[in-house]
Amino acid sequence: MPIETNTSLKAYNTFGIDVAANKFVSVNSVEELKKVLANRGNDPLFLLGGGSNMLLTKNIEALVIHLNLKGISVLSENEHSVQLRVMAGENWHEFVLFCINNNYGGVENLSLIPGNVGTAPIQNIGAYGVELKDTFVRCEALHIETLSEKTFSKKECNFGYRNSVFKNELKGEYIITSVTFELTKTNHELHTSYGAIQQELDRKGINSPSISDISEAVIAIRKSKLPDPTELGNSGSFFKNPIITSEAFQAFRLQYPEAPFYEVSPTEFKIPAGWLIEQAGFRGKRFGDAGVHKNQALVLVNHGNATGEEIWQLALKIQKEVRSKFGIYIEPEVNVF
Ligand code: EPU
């Protein structure tokens with residue numbers, strides 16, 4: 001586990017931003033991780049999972065630890081369900097495919113989401129009516145300062161929309177090393193009500209879909225809307241969908257009756273940021289190599305050699321325009337460094 005110096009992070013972030021890490025090490029086990037942490041001296045830390053939810057705007061003057069912990073094991077199973085313990089460095093989509101291939105149900109709607117298993121709980125990844133928390137049982141984590149290991153129950157994770165305790169009270173304190181999921185082996189609970197999924201199944205003439213059919217439908221929908229990071233650098237949704245109060249929503253709806261929305265609770269409404277950004281005129285726009293995706297305005301893209309700073313300036317411009325047009329603040333979903 002050699003520590004490298006001045007390592008390019010271009011291959012380690014899905015935006016494909018070429019910044020360097022002062023020090024870089026890839027760890028393959030919890031023991032290696034503990035050793036690196038114990039010997040780090042005064043170096044500040046920077047943890048790297050799949051690099052799919054970050055925008056790097058400058059060189060990282062820190063010890064970058066690439067969490068390359070691998071492995072999937074069956075903890076327990078019966079006729080109806082199975083519990084899998086998945087190490088943090090497993091690629092999320094490969095884990096989903098593993099489940100589909102074994103007929104384990106529950107994560108099929110989360111197909112093709114970039115990133116790793118260990119970072120998925122931090123923002124409670126979600127798509128097409130399903131969130132990580134729906135199959136989550138517990139996760140194991142290492143406390144960075146004391147090196148003690150702790151198991152977090154679902155309750156302790158305090159999951160919310162793109163949110164958890166790891167983004168709030170415990171931010172920067174723990175490293176998630178594994179996640180345990182409970183998946184179904186029979187009577188899979190299918191979530192097809194999300195419009196686009198049903199349409200895709202109808203188009204293929206599928207009446208009683210399997211989890212594999214749903215996964216394929218989700219993959220087709222995502223491919224049609226979201227750019228493949230290996231072809232066009234991006235970090236998925238750059239902004240969160242804003243949630244506004246019912247008073248603000250009533251006024252908004254009078255002015256924009258055509259706008260899509262979701263009722264979160266009787267007092268809160270979520271407006272798709274993609275719609276707001278498109279209405280503000282940014283869909284498909286390009287400023288140098290920094291751009292807004294042509295099929296989904298929520299996604300910022302790197303057309304080649306954009307710097308992180310150029311993408312960040314574009315994000316700020318979008319945020320400002322959306323605020324001045326709609327009076328709504330949109331908050332980044334990605335972590336900006
Ligand atoms: N819309 C527009 N213009 C756009 C984009 C969207 O008008 O450029 C409208 C759509 O027509 C639709 C609505 O906005 O009426 C919602 O769009 P979509 O169904 O694509 O979903 P989203 O709210 O934009 C969220 C997640 C995605 C997830 C999809 C599907 C967030 C921040 N994003 O996007 O997550 O895949 O739902 O469930 O919640 C990600 O986090 O990286 C991600 C891609």
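User: To begin, which residues does Lys270 touch, not counting residues up to four places away in sequence?

Analyst: This is a predicted model. In it, Lys270 touches Tyr161, Asn241, Pro242, Ile243, Phe261, Tyr262 and Val264, with residues up to four places away in sequence left out of the list.

User: Is Lys270 buried or exposed?

Analyst: Lys270 is buried, because its relative accessible area is 14%, and the cut-off for buried is under 20%.

User: Where is Lys270 placed?

Analyst: Lys270 belongs to strand 16, which covers residues 268-270.

User: On to helix 6. Which of its residues are buried?

Analyst: The buried residues of helix 6 (residues 246-255) are Ser246, Phe249 and Phe252. They cover an arc of only 115 degrees around the axis, so they lie on the same side of helix 6.

User: Why would residues with such spacing point the same way?

Analyst: An α-helix has 3.6 residues a turn, so residues three or four places apart point the same way.

User: What covers the buried residues, and which residues are exposed on the other side of helix 6?

Analyst: The cover of the buried residues includes strand 14 (243-245), strand 16, helix 7 (273-279) and helix 8 (308-326). On the other side of helix 6, the exposed residues are Glu247, Leu254 and Gln255.

User: Changing topic: what domains does the assignment give?

Analyst: The domain assignment of the protein gives domain 1 (4-67), domain 2 (72-184) and domain 3 (233-336).

User: How many residues do domain 1 and domain 2 bring to their contact?

Analyst: Domain 1 gives 13 residues to the contact, and domain 2 gives 13 residues. The C-alpha centres of domain 1 and domain 2 lie 21 Å apart. The area buried between domain 1 and domain 2 is about 1100 Å², and carbon and sulfur atoms give 70% of that area.

User: What about polar links between domain 1 and domain 2?

Analyst: Between domain 1 and domain 2 there are two salt bridges. The count of residue pairs in polar contact between domain 1 and domain 2, both at pLDDT 80 or more, is three. On the side of domain 1 that touches domain 2, the elements that give two or more residues are helix 1 (30-38) and strand 3 (45-48). Helix 1 supplies the largest share of that side, five residues.

User: Which residue forms a salt bridge with Arg40?

Analyst: Arg40 forms a salt bridge with Glu145, and the closest N and O atoms are 3.1 Å apart. The pair links distant parts of the chain, 105 residues apart: Arg40 is in the loop between helix 1 and strand 3, and Glu145 is in the loop between strand 10 (136-143) and strand 11.

User: Are these two partners buried or exposed?

Analyst: Arg40 is buried, with a relative accessible area of 16%, whereas Glu145 is exposed, with a relative accessible area of 60%.

User: And which residue does Glu149 meet in a salt bridge?

Analyst: The side chain of Glu149 meets that of Lys34 in a salt bridge (2.7 Å, N to O). Glu149 is in strand 11 (residues 149-153) and Lys34 is in helix 1, 115 residues apart. Glu149 counts as exposed because its relative accessibility is 53%.

Definitions and conventions:
Residues numbered from 1 in each chain as written. Heavy atoms only, no water. Helix = DSSP H or I, 4+ residues; strand = E, 2+ residues; numbered from the N terminus. Buried < 20%, exposed > 50% of the residue type's maximum accessible area, 1.4 Å probe, protein only. Contact = heavy atoms within 4.5 Å. Arc of directions from axis to C-beta. Domains from an automatic or database assignment. Buried area = accessible area lost by both parts, 1.4 Å probe. Salt bridge = Lys/Arg side-chain N within 4 Å of Asp/Glu carboxyl O. Polar contact = N/O pair within 3.5 Å; in protein donor to acceptor, adjacent residues only side chain to side chain.
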